[in-house]
Amino acid sequence: MRILKTFGLFVLRAVGGIVGCYLPYVWLRKKGSTWLLIPAALSLALFSWLLTLHPTAAGRVYAAYGGVYIGVAILWLWLIDGIRPTAWDLIGAAIALVGMSVIMLGPRPA
């Protein structure tokens with residue numbers, strides 16, 4: 001159950017971080033409304049708050065989270081940007097997720 005909770009927190013953090021950066025991008029590059037900055041700031045605040053819910057050291061969380069972030073970013077590329085990931089995108093994301101698994105599931109000293 002702890003593994004599912006941790007992975008779920010990683011996914012939520014990835015979405016929060018991507019949304020928090022994507023909305024200012026839309027505002028700046030695509031001439032979006034200034035109002036987009038409010039949900040962007042809230043999304044980044046959620047991203048930061050979710051870090052406090054992890055039961056392990058922040059450095060390890062950041063390291064492992066990177067793998068999930070890559071996977072979610074590739075999914076975002078496909079679903080939001082409308083660009084189908086290449087085989088290399090998917091292989092890279094899979095490697096990153098394996099790295100995340102090694103960091104989070106590896107044995108720890110007692």
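Reader: In which helix is Ala-96 found?

Author: The structure is a predicted model. In this model the secondary structure comes to four helices and zero strands, and the elements run α-α-α-α from the N terminus on. Ala-96 is found in helix H4.

Reader: Is Ala-96 buried or exposed?

Author: The relative accessible area of Ala-96 is 16%. A residue counts as buried under 20%, so Ala-96, at 16%, is buried.

Reader: Which residues is Ala-96 in contact with, leaving aside its neighbours within four places in sequence?

Author: Contact here means heavy atoms within 4.5 Å. With neighbours within four places in sequence left aside, the contacts of Ala-96 are Gly-67 and Ile-70.

Reader: What distance separates the C-alpha atoms of Ala-96 and Gly-59?

Author: Along the chain, Ala-96 and Gly-59 are 37 residues apart.

Reader: Where does His-54 lie, and is His-54 buried or exposed?

Author: His-54 lies in the loop between helix H2 (37-51) and H3. Its relative accessible area is 8%. Because the cut-off for a buried residue is under 20%, His-54 at 8% is buried.

Reader: Which residues does His-54 touch, not counting residues up to four places away in sequence?

Author: Residues up to four places away in sequence are not counted here. The residues that His-54 then touches are Thr-6, Leu-9, Phe-10, Arg-13 and Val-61.

Reader: Which element gives the most to the lining of the largest pocket?

Author: The largest pocket has a volume of about 200 Å³. The elements that give two or more residues to its lining are H1 and H4. The lining includes Thr-6, Phe-10, Met-100 and Arg-108. With five residues, the element that gives the most is H1.

Reader: Why does Val-19 count as partly exposed?

Author: Val-19 is found in helix H1 (residues 2-29). Partly exposed covers the range between buried, under 20%, and exposed, over 50%. Val-19 is partly exposed because its relative accessible area is 23%.

Reader: Which residues does Val-19 touch, and how far apart in space are Val-19 and Leu-42?

Author: Not counting residues up to four places away in sequence, Val-19 touches Pro-24, Ser-43 and Trp-76. Val-19 and Leu-42 are 23 residues apart in sequence. From C-alpha to C-alpha, their separation in space is 9.7 Å.

Reader: Where is the place of Ile-80, and why does Ile-80 count as partly exposed?

Author: Ile-80 has its place in the loop between helix H3 (58-79) and helix H4 (87-105).

Reader: Which residues make the nonpolar surface patch of about 420 Å²?

Author: Ile-80 is one of the residues in this patch. The nonpolar surface patch of about 420 Å² is made by Leu-75, Trp-78, Leu-79 and Ile-80.

Reader: What percentage of the accessible surface of the protein belongs to carbon and sulfur atoms?

Author: Of the 110 residues of the protein, 27% count as buried. The accessible surface comes to about 7,200 Å². The share of this surface that belongs to carbon and sulfur atoms is 74%.

Reader: Among contacts between residues at least 6 apart in sequence, what percentage join residues at least 24 apart?

Author: The C-alpha trace of the protein spans about 55 × 35 × 20 Å along its principal axes. Among contacts between residues at least 6 apart in sequence, the percentage that join residues at least 24 apart is 68%.

Note on methods
Residues numbered from 1 in each chain as written. Predicted model: local features only at pLDDT ≥ 70, side-chain atom pairs only at ≥ 80, totals over all residues. Heavy atoms only, no water. Patch = residues over 30% accessible without salt bridge, like charges linked within 9 Å, V, L, I, M, F, W, Y side chains within 5 Å. Areas by Shrake-Rupley, 256 points an atom, 1.4 Å probe, with all protein chains shown as cover. Salt bridge = Lys/Arg side-chain N within 4 Å of Asp/Glu carboxyl O. Buried < 20%, exposed > 50% of the residue type's maximum accessible area, 1.4 Å probe, protein only. 1 Å grid on protein atoms, 1.4 Å probe; cavity = no way out; pocket = protein on both sides within 12 Å on 5 of 7 lines; lining within 4 Å. Points joined across faces, edges and corners; volume = space filled by probe spheres on them.
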